[in-house]
Amino acid sequence: MVAGVGSFSRPISPRASVADLWSTLDIAAAAGETALQRAGSPRLDQQARSRLKAYVNQARQYYEAATPADPVAKPLLGYYFVLNAAKAYLTAIDPDTTAANSLMHGIGQDPAGPGTPYDFYQERFKVSKSGVFQLLAAKTGRGFSWQPGVMQLSRLMPYLAESTDLFSSSFGTPPALVPIESVRVESEGSRPNKQAWLTVEVSRNVLREASLTPRGLLARAAAFADSFDLVDAGSGPTATYQLTKTVAYAQMPGPLAELRAAFDRSLIVRNRSLAQPRDSVTLSPHLNLVSTEAITFAVMLHLSNMVRYRPHHVEELRGSGHWWLFTSWVDRACENFLLAVSSRIALEEHLVG
């Protein structure tokens, strides 16, 4: 057993091919069902199976096209990959959500648009009442989605798991993510009284660099503190946190679902991408934040709208400190999103190793 949205580890080689990365979704599309159905999600009728296959096939086409594309085209191809991969996951976990032909994206352009002269920090998007974004947010993380209104794009940048290194150099401030040394499943006792929980260790040096104490991390990370408590501040190299509520290990697979849910609700950010795998605690005083997958969806959609409707503003960013969003981030985010959706559909953590 491993910590995450999947119950068991599925190692991914650092030299994995595209076929390796897509094997889980390809198998799900061919079989017409996933581990989610075996775990109790609604069965897929013939129409849902057809949708699942179509979403996976289209997602793969866009994914493979995005990598060699010019940076100005990457976000558009990347978004259509993310959109179809999200619909594949939604179909697998709740087929009724994708049955309507009129399912909207859930996020659009800010009618006001950026001012003159152009400034990246004026980039905003409009959140709708419903759509794929809202459904994805409801089925991941804490199940929280933003209220309809306008959101500033730069507010999301500190939470992008795949580009913490690029964010720091671009914005001149550290991201709102604190790296985790390890996160694991532990247990004690014997059946029928056996108990299981999650344990997280964070380097004390990392905390000091972030001007945090072991207890102070909980004060700054509301979602993490809602699930975990400090059990050992100690004088060793790491501070140790454990779930505040253990789960009964007596009957399988019950505890697996409970531990997956606890991991998801803690908003531990997992970067599964082959370039820089890492788990992080999300720093925010707000208890309810949208999931990593939903943030990726929102940012990718907005960048694709910039490419489609305001290419002159995209060109103004070329060579700037924000250009990494169109180059490195899109590729990393697509890979991480693919592995995250695969982990959720297979109930196996797709991890580099």
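Reader: How many cavities of 30 Å³ or more does the count come to?
Author: This is a predicted model, in which local features need pLDDT of at least 70 and side-chain atom pairs count only at pLDDT 80 or more, while totals for chains, interfaces and linings use all residues. Residues are numbered from 1 along each chain as its sequence is written, and side-chain values use heavy atoms, with hydrogens and water left out. A cavity is a set of points, on a 1 Å grid over the protein atoms alone, where a 1.4 Å probe fits but cannot get out. By this rule, the count of cavities of 30 Å³ or more comes to three.

Reader: Which residues lie nearest the centre of the largest cavity?
Author: The largest cavity has a volume of about 240 Å³, a volume being the space filled by probe spheres set on the points. Its lining, meaning residues with an atom within 4 Å of a point, divides into eleven nonpolar, six polar and six charged residues. Of the 23 lining residues, those nearest the centre are Ile 268, Val 269, Ser 291, Thr 292 and Glu 293.

Reader: Which element gives the most to the lining of the second largest cavity?
Author: The second largest cavity has a volume of about 40 Å³, and the residues lining it include Met 1, Val 185, Leu 256, Leu 259 and Arg 260. Helices are DSSP runs of H or I with at least four residues, and strands are runs of E with at least two, numbered from the N terminus. With three residues, the element that gives the most to this lining is α10.

Reader: In the open sheet of three strands, what is the order?
Author: Two strands pair if DSSP finds at least two bridges between them, and β11 and β12 (residues 278–282) pair in the antiparallel sense over three bridges, with Arg 270 opposite Asp 279. The open sheet of three strands, with antiparallel pairing, has the order β5-β12-β11.

Terms used: 1 Å grid on protein atoms, 1.4 Å probe; cavity = no way out; pocket = protein on both sides within 12 Å on 5 of 7 lines; lining within 4 Å. Nonpolar A, V, L, I, M, F, W, Y, C, P; charged D, E, K, R; others polar.
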